[in-house]
Amino acid sequence: MEEIAAVPAEIFDERRRAVLVALCDTFVPSVEVDSGDRIEREFMTRAASALAVPEQIEALLAEAMSAAEIEAIGGLLDTVAAEGFVDAPLQARTAIVHGFREADPDAKHGLRQLQALTARFFYSLPDAAGQNPNWEMLGYPGPPSLAPSPEAAPKTIRLESVAGTEATLRADIVVVGSGSGGSVIAARCAAAGRDVLVLEAGGYRNEADFNQLELPGFADLYYRAGLAASEDGSIAILAGATLGGGSVINYMNCVRTPAEILAEWTGYGLDGLDTPGFITEHQDVVIARLGVNTEATRQNATHQRLIAACDALGYEHRALSRNATAADDPAYCGFCSMGCQHGCKQSALKTWLQDASDHGARCLVGCQVDRIIVAGGAAQGVEATVTGPDGATTRLTVNATTVVVAAGGVESPALLLRSAIGGPAVGKNLRLHPAQLVLGTYDDPIEGWNGQIQSALTDHFTDIEDGFGFLVEAAGMHPGLVASSIPWDSGVEQKQMMARSRWQAPFISVARDHGAGEVVLDELGQTVIRWSLDDPVDERMIRRAHIELAKLHHAAGAAAIDTLHSRQLGWNRGEDFDAYLAAIESAPYTPNDITTFSAHQMGSCRMGSDPETSVADGSGRLHDTGGVWIGDGSAFPNAPGVNPMITIMSLAHRTAERILAAA
């Protein structure tokens, strides 16, 4: 058995632990195969428990879940155990899992979570040498290079530190969140001579920390380690949680805000967005600072298939503009969702935050802001909890009369809700740009982990529902995320599908959502995301997106096509393709029946002129609380329908101007 260290945990008794082991070995079983290929034999006979996956899951639950959530999982294990699950053969265990998934929505949700965790650990858990034994079968190379030394990649952002059980700091302006919006506001205000303090819940990591390993990358750089999802499991949430925010891990797709969106938002009360001044004074400045260009854009095998499909169907397409330097090397770009190890990605960390630091701004990492202090209807600062490298915590008070809320579309409204400010619209109108993925399997190797993650798109479907529609792009392929998302009819079939990874290309759609979700707090004050596919326009668009993605793969010559429905919905060359499209149209799209992603969280603290339907005015200042400003994508009046980084930064650049004028 390969030696991969387990993390001990004691949240389940022996009986529940035995059920968890049996479940994991049902999701990823040991299967004897008659094969002369050693690699295939070892892969098929390797069960989840051989890599200590149950222990890893238990440790993760112990660290990430509340006692009530852990007991809910324990109750699910008890229910499964009542069916004689532990001692049943694999085929019977598989049937029991399907029985619960089909009969009980809560059990379906819980089992889907455990299955996804099992797959993610099995395919991405590294050993001491940074390797996983399953990669050999998949043809996955693992990290293509070693991280530079700290001396070769020094950390140059100015950091603040605190110690003891309590501490107090002061600043002219405190910025909560260091991502695309907060970094721009920090830079502009610091350059104007203001004393700026940036508070970031994540850590400070740069090239020397980016080891290009999927599982550690999610743990270090993503919100809730990349495991966040809506309350009912309808959508997975991918967001940054590190100094520099999502700009450190995003795919560098730099798209200007469409003119029709700027005109629409002007009608909400965001004055001047539809004028040339907004473009020249804000958007052009942002694009120039990021070094956005197309010269460094190169198409990998996935995008070559996408372009070929567009050409065959007569769809226009274009190369992406990216915030990458000319030194950008596609050989390493497939791993930049775990941080750009070579420093080519011009993220907020390397641009606006560095500018802010150079002008005297300070950043404090590991800082969770609990609430905004308000007196006399105006901001007085924030209260926060700082966790140091040794795990010790400090209760921090920051005295500041200007507070910028830029913690992202999920955590910005949560902060306002905990602070009891912002009015009735706080947390409402959450837009997520729901993304769908359809896999095509080709005759020649694709190796979707090679080359730039995104480098081409088509706008052909962006206006199919009266101004609403979807972009078609592509994505990268890494084993853990793929395995946790693809269909599971049985452990054997999923292993067989994973074995085709080298030949698979993922096409994705990114929709401009018509309906909205919301962010609320639970009884413990923890953030809860509510989003379901209950808007009829959105449901039609998502069904249409699956159909069009399948058509694109078919036009590109795919030998097989698979959606990400929880039960396999696939097509193989020679089968009736029209019948397959009809099956996609009629398939279920209810919670936990289809994998849907969100990489863009927006609109939950939106700007507008009406305090009943918006949180902040057209400049970004809260309607009901002086000195508090919204400075991230949560300020969007609705979804822009394009990758939002340029829009976030441009609006933040504008908001910073208003903050300086008001101070």
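Me: Is the crossing of H1 and H6 left-handed or right-handed?

Reply: This is a predicted model, in which local features need pLDDT of at least 70, side-chain atom pairs count only at pLDDT 80 or more, and totals for chains, interfaces and linings use all residues. Residues are numbered from 1 along each chain as its sequence is written, and side-chain values use heavy atoms, with hydrogens and water left out. A crossing is left-handed if the near helix is turned anticlockwise from the far one by less than a right angle, and right-handed if clockwise. For H1 and H6 the crossing is right-handed.

Me: At roughly what angle do the axes of helix H1 and helix H6 cross?

Reply: Helices (H or I, at least four residues) are DSSP runs, numbered from the N terminus. Axes are lines fitted to C-alpha atoms, for helices over the stretch in contact, and angles run from 0 to 180 degrees between N-to-C directions. H1 and H6 are therefore roughly perpendicular to each other, a term for angles of 65 to 115 degrees, whereas under 35 is roughly parallel, over 145 roughly antiparallel and the rest oblique. The axes of H1 (residues 14-27) and H6 (residues 105-124) come within 9 Å, and they cross at roughly 70°.

Me: Which residues in H6 do Leu20, Leu23, Cys24 and Phe27 in H1 meet?

Reply: Contact means heavy atoms within 4.5 Å. By this criterion, the four residues of H1 meet Leu111, Leu114, Gln115 and Thr118.

Me: How far apart are the axes of helix H3 and H6?

Reply: Helix H3 covers residues 53-64 and packs against H6 at an angle of about 120°. That angle makes H3 oblique to H6. The distance between their axes is 10 Å.

Me: Is Arg112 buried or exposed?

Reply: Arg112 has its place in helix H6. Buried means under 20% relative accessible area, exposed over 50%, and partly exposed in between (1.4 Å probe, protein chains only). The relative accessible area of Arg112 is 13%, so this residue is buried.

Me: The backbone oxygen of which residue lies 2.6 Å from a polar atom of the side chain of Gln341?

Reply: Gln341 is in the loop between helix H13 (330-333) and helix H14 (352-358). This residue is buried, with a relative accessible area of 4%. Not counting residues up to four places away in sequence, Gln341 touches several residues, including Ser145, Glu207 and Asn211. The backbone oxygen at 2.6 Å belongs to Phe210.

Definitions and conventions:
Helices (H or I, at least four residues) and strands (E, at least two) are DSSP runs, numbered from the N terminus. A polar contact is a pair of N or O atoms within 3.5 Å; within protein, one must be able to donate a hydrogen and the other to accept it, and residues adjacent in sequence count only if both atoms are side-chain atoms.
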